[in-house]
Amino acid sequence: MITAFIFFVHLFFVLIIFTKKWQDEGLSSAFLNLGLIGILFAVGWSISTMILKLFIDQKGFGIYFDRDTFSLSLLTTAEYFFYKMYYGHQLTSDDKEKQ
C-alpha cells in the first residue's frame with residue numbers, strides 16, 4: 001500500500017511538471033523533463049536499494065514496510081529536496097506581469 005502511494009505521488013508530480021513545462025516552454029522541454037525525472041527515479045531507486053541491502057534484510061520492518069518500500073521512501077525523501085531546489089521557483093512563482 002505504501003509502495004502504491006509512492007508511485008502515485010511520483011505520477012502526480014510527473015503530470016504537474018509535464019503540464020507546466022509544456023505550457024511555459026513547449027512540448028520538447030516537457031518530454032526532456034519527463035525523461036530527467038524517469039532516469040533519476042530509476043537510478044536513484046537502484047542506488048538506494050543497493051545501499052540498503054548492506055544494512056537491512058529483505059523483511060525490513062514489517063509486512064508493509066519491507067526493504068523495497070524503505071528504499072522507495074528514502075528515494076522519495078531525497079527527490080523531494082532535489083526537486084524543491086530544481087523546480088521550486090517555477091512551481092511557486094506568479095505568472096503575472098510586474099509593472
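**View 1. The largest pocket holds about 310 Å³ of space.** This is a predicted model, where local features need pLDDT of at least 70, side-chain atom pairs count only at pLDDT 80 or more, and totals for chains, interfaces and linings use all residues. Residues are numbered from 1 along each chain as its sequence is written, and side-chain values use heavy atoms, with hydrogens and water left out. A pocket here is an open set of points on a 1 Å grid over the protein atoms alone, where a 1.4 Å probe fits, with protein on both sides within 12 Å along at least five of seven lines. Its volume is the space filled by probe spheres set on the points, which are joined across faces, edges and corners.

**View 2. Here's what lines the largest pocket: 14 residues, with V9, F13, E79, Y80 and Y83 nearest its centre.** Lining residues have an atom within 4 Å of a grid point. Two elements give two or more residues each to this lining, helix 1 (2-24) and helix 3 (67-92). Helix 3 brings the largest share, nine residues. Helices are DSSP runs (H or I, at least four residues), numbered from the N terminus. Sorted by class, the lining has eight nonpolar, four polar and two charged residues. In that sorting, Ala, Val, Leu, Ile, Met, Phe, Trp, Tyr, Cys and Pro are nonpolar, Asp, Glu, Lys and Arg are charged, and the others, Gly among them, are polar.

**View 3. F5, F8, V9, L11, F12, L15 and I16 make a nonpolar surface patch of about 700 Å².** One of them, L11, sits in helix 1. Patch residues have over 30% relative accessible area and no salt bridge, and nonpolar side chains (Val, Leu, Ile, Met, Phe, Trp, Tyr) are joined within 5 Å. Areas come from the Shrake-Rupley method with a 1.4 Å probe.

**View 4. K20 and D24 pair up in a salt bridge, 3.6 Å from N to O.** A salt bridge puts a side-chain nitrogen of Lys or Arg within 4 Å of a carboxyl oxygen of Asp or Glu. The whole structure has two of them. K20 and D24 are four residues apart in helix 1, so about one helical turn separates them. K20 is buried at 17% relative accessible area, while D24 is partly exposed at 47%. (Buried is under 20%, exposed over 50%, partly exposed in between, with a 1.4 Å probe and protein chains only.)

**View 5. E25 and K21 also meet in a salt bridge, at 3.2 Å from N to O.** E25 is partly exposed, at 49%, and K21 is buried, at 7%.

Technical notes: Patch = residues over 30% accessible without salt bridge, like charges linked within 9 Å, V, L, I, M, F, W, Y side chains within 5 Å.
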